[in-house]
Amino acid sequence: MDGQCPTLDPGVTYLDDEGAPTALYRVVGRRLSAATEAYWLDALNAAVPTAIREHAPGRTSRSLRVARAFTGYQHYELARSLPAAVTGRTDLVVAPNVGALYADGDVPEHEADTMVEATLALLGELADALALPVVLTATEYRDRVRSVADRTVEAERTRAGLRFDGESVRTDVYWHKWGFQTTIPYWVDLLGASESEPVWTEPEAVVPGV
């Protein structure tokens with residue numbers, strides 16, 4: 001963690017970014033590297049180039065390969081093509097709004113459920129087989145996505161900045177151009193918690209002229 005952003009371990013991470021739309025761009029941008037490649041399976045036009053470049057250092061956004069789906073059937077076929085597309089240089093797979101297109105009226109419900117299950121299973125197997133981080137967000141089928149993920153990271157937009165909270169990540173410091181802002185858990189981790197009860201005393205009187 002760089003003070004604000006979680007690192008990504010191999011396996012499936014469900015990023016609950018409701019109310020924090022820039023969280024995914026920050027997480028992905030910090031992971032991109034010119035020495036590796038990443039694949040973004042897009043739905044609902046979540047891949048916004050300017051937002052990705054804003055959070056990616058230097059020119060590393062060029063390492064990101066984006067495939068856009070506009071229907072559930074397209075999304076399903078693109079997901080099925082991923083195992084043949086990834087290489088030894090692949091370091092990340094991203095699938096935002098992973099279930100959204102299957103919930104569209106163009107896909108019958110009985111097909112949609114099967115396609116969602118197959119897509120999530122494929123992404124999980126891909127993560128396990130290649131020890132890859134796979135990041136998912138969801139607007140539909142959230143409970144199902146959460147249940148198949150190896151970990152969940154909650155993202156929240158606060159007045160101090162983006163806050164991330166998960167099993168192995170917690171934002172305790174918010175960095176800004178003018179400096180940084182800390183939280184109580186940050187100081188507890190740094191200095192430890194006091195085992196004694198706080199003692200409150202009356203302020204001493206100040207005598208003018210003394």
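**Note on the predicted model**

1. Helix 3 covers residues 72-85 and has 14 residues. From first C-alpha to last, helix 3 reaches 20 Å, close to the 20 Å expected at 1.5 Å a residue. Please keep in mind that this is a predicted model.

2. Which residues of helix 3 are buried? They are G72, H75, A79 and L82. An α-helix has 3.6 residues a turn, so residues three or four places apart point the same way. The numbering of the buried set, G72, H75, A79 and L82, can be read with that in mind.

3. What covers the buried residues of helix 3? The cover includes two strands, strand 2 (37-42) and strand 4 (90-95). Helix 4 (109-130) is also part of the cover.

4. On the whole chain: the secondary structure comes to 6 helices and 10 strands. The chain has 210 residues, and 41% of them count as buried. Take the contacts with a separation of 6 or more: residues 24 or more positions apart account for 72% of these.

5. Confidence next. The mean pLDDT of the chain is 82. A value of 70 or more is reached by 76% of the residues. Over residues 175-194, pLDDT stays under 50. The model still has 25 contacts beyond four places in sequence for residues 175-194. Where pLDDT is low, the predicted coordinates should not be read in detail. That caution goes for the 25 contacts of residues 175-194, where pLDDT is under 50.

6. How many cavities of 30 Å³ or more does the structure hold? It holds 1. The largest cavity has a volume of about 40 Å³. Its lining consists of P6, T7, L8, T13, L15, V27, V135 and V153. By class, the lining of the largest cavity divides into 6 nonpolar and 2 polar residues, with no charged ones.

7. The largest pocket has a volume of about 190 Å³. It is lined by 15 residues. Which of them lie nearest the centre of the largest pocket? These are D17, A20, P21, N97 and T137. The lining of the largest pocket divides into 7 nonpolar, 4 polar and 4 charged residues.

How values were computed:
Residues numbered from 1 in each chain as written. Predicted model: local features only at pLDDT ≥ 70, side-chain atom pairs only at ≥ 80, totals over all residues. Heavy atoms only, no water. pLDDT = per-residue confidence, 0-100. Contact = heavy atoms within 4.5 Å. 1 Å grid on protein atoms, 1.4 Å probe; cavity = no way out; pocket = protein on both sides within 12 Å on 5 of 7 lines; lining within 4 Å. Points joined across faces, edges and corners; volume = space filled by probe spheres on them. Nonpolar A, V, L, I, M, F, W, Y, C, P; charged D, E, K, R; others polar. Helix = DSSP H or I, 4+ residues; strand = E, 2+ residues; numbered from the N terminus. Expected span 1.5 Å × (residues − 1). Buried < 20%, exposed > 50% of the residue type's maximum accessible area, 1.4 Å probe, protein only.
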